[in-house]
Amino acid sequence: MNLSLYFKNFFNNSQASGIILIFCVLVSLLIANSFAAEAFQHFLDKEVGTHLFGLEYPVSIWINDGLMAVFFLLVGLEIKRELVEGELSSFKNASLPIFAAVGGMLVPAVIYSIFNSGTEYSNGWGIPMATDIAFSLAIISMLGKKIPNSIKIFLAALAIVDDLGAILVIAIFYTEQIHWTYLLLSFGVTALLFLLNFLKVTRIIFYIIPGVFLWYFLHHSGIHATIAGVLLAFSIPTNASNVEISPLEKLEHTLHIPVSFLIMPIFALTNTNITFTTHMVSGVTSTLGMGIIGGLVLGKLIGINLFSIIAIKLKLSTLPQNSNWTQMIGVGLLAGIGFTMSIFIALLSFKGEIEIQDEAKFAILIASFIAAVLGFTILSISSKENPELEED
């Protein structure tokens, strides 16, 4: 095979991004537990940028708040396209991820609180509420055509609603101070973006420039700036026609390869550098560890599927097209990959308590691994119930 053609096929393969992401996780864990750990952490903590306008941050912040806003932009574009012309274009299909996400946040928080109410760990109830959208989508992408596209879209929509919920929880319960001036400026820029859409402005640059300001204002407001990517995505014009390529589809096509093969691997490499310590293991069997693992693995599974069943029984929603309940169980487990967002909430929950933070990190890592393996396995098995999917 021609080498250039090989790489073109590789980069167009959604499974490839998942493989690279997992490889980066392994490399990151190896670095964090080697002689290079201190140097790597020093690099992540190194401040870059300019004091002008308050834009000097550690490398890790530029990655988590900056590059990941671009990732959220791409996922937001995909969700909007599906809302307009795809799997989520009907109310019953679009509503299911919302109901599922609500259940996937409430039940894990309840399970965690059952284990930890009245203990020194009680403030960490938000930890198992979060789904790591990057890793959950990477795992499901590795299944390729074994599962229907509607299930992938459902997980992406669920994860976005879940992350927005987690951001709200952080803003309300874990943020020390909201800077209202910056928040009001964020609302103003958002209104401008949707006004441009209403006026049928189609040049993408007229959205990107205000989008950069939106990111800046949100970041300084105290709210996680990645939400800027979603807001920008939903303002980009699109259409319900498959004939004319819309600005949204052009931008989505442009972002796909850099996000899948650059931004997500960098994110994985810099966010999974967990240094293992001896006291971490004991934390897994504590009420903290059991609350986190129970919340992420069982809580997500139960909450997502219970609320989905209720919504469908009440005829408010329908199952994703060509899907089944086995696949919904698999999705419920993949949503239990909390990882970086859960770790972020753990750091906010136990500020200054390094030992508790480390125990929480290890429990999140264990829970995410269990959820990923079980979810992937069940979704793989489910493809045997729908063999025609692999023939498409």
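User: Which helices each supply at least two residues of the lining of the largest cavity?

Analyst: Start with the general idea. Rolling a probe the size of a water molecule over the atoms shows where empty space is left. Now the case here, which is a predicted model. Helix 5 (91-116) and helix 7 (149-174) each supply at least two lining residues. Helix 5 gives the largest share, with three.

User: How many cavities of 30 Å³ or more does the structure hold, and how much space lies in the largest cavity?

Analyst: One cavity reaches that size. About 60 Å³ of space lies in the largest cavity. Its lining includes Glu-87, Asn-93, Phe-154 and Gln-321. By class, that lining has five nonpolar, four polar and one charged residues.

User: What about pockets: how much space lies in the largest pocket?

Analyst: About 1,300 Å³. Its lining counts 50 residues, and the closest to the pocket centre are Ile-61, Asn-64, Asn-271, Phe-344 and Leu-347. The classes split into 23 nonpolar, 19 polar and eight charged residues.

User: Now the surface. Which residues form a nonpolar patch there?

Analyst: Leu-298, Ile-302, Leu-306, Ile-310, Leu-314 and Leu-316. Together they have about 520 Å² of accessible area.

User: Take Leu-314. Where does Leu-314 lie, and why does Leu-314 count as exposed?

Analyst: Leu-314 sits in the loop between helix 13 (287-313) and helix 14 (325-334). For exposure, the cut-off is over 50% relative accessible area. Leu-314 has 55% relative accessibility, so it counts as exposed.

Methods: Residues numbered from 1 in each chain as written. Predicted model: local features only at pLDDT ≥ 70, side-chain atom pairs only at ≥ 80, totals over all residues. Heavy atoms only, no water. Patch = residues over 30% accessible without salt bridge, like charges linked within 9 Å, V, L, I, M, F, W, Y side chains within 5 Å. Areas by Shrake-Rupley, 256 points an atom, 1.4 Å probe, with all protein chains shown as cover. Salt bridge = Lys/Arg side-chain N within 4 Å of Asp/Glu carboxyl O. Helix = DSSP H or I, 4+ residues; strand = E, 2+ residues; numbered from the N terminus. Buried < 20%, exposed > 50% of the residue type's maximum accessible area, 1.4 Å probe, protein only. 1 Å grid on protein atoms, 1.4 Å probe; cavity = no way out; pocket = protein on both sides within 12 Å on 5 of 7 lines; lining within 4 Å. Points joined across faces, edges and corners; volume = space filled by probe spheres on them. Nonpolar A, V, L, I, M, F, W, Y, C, P; charged D, E, K, R; others polar.
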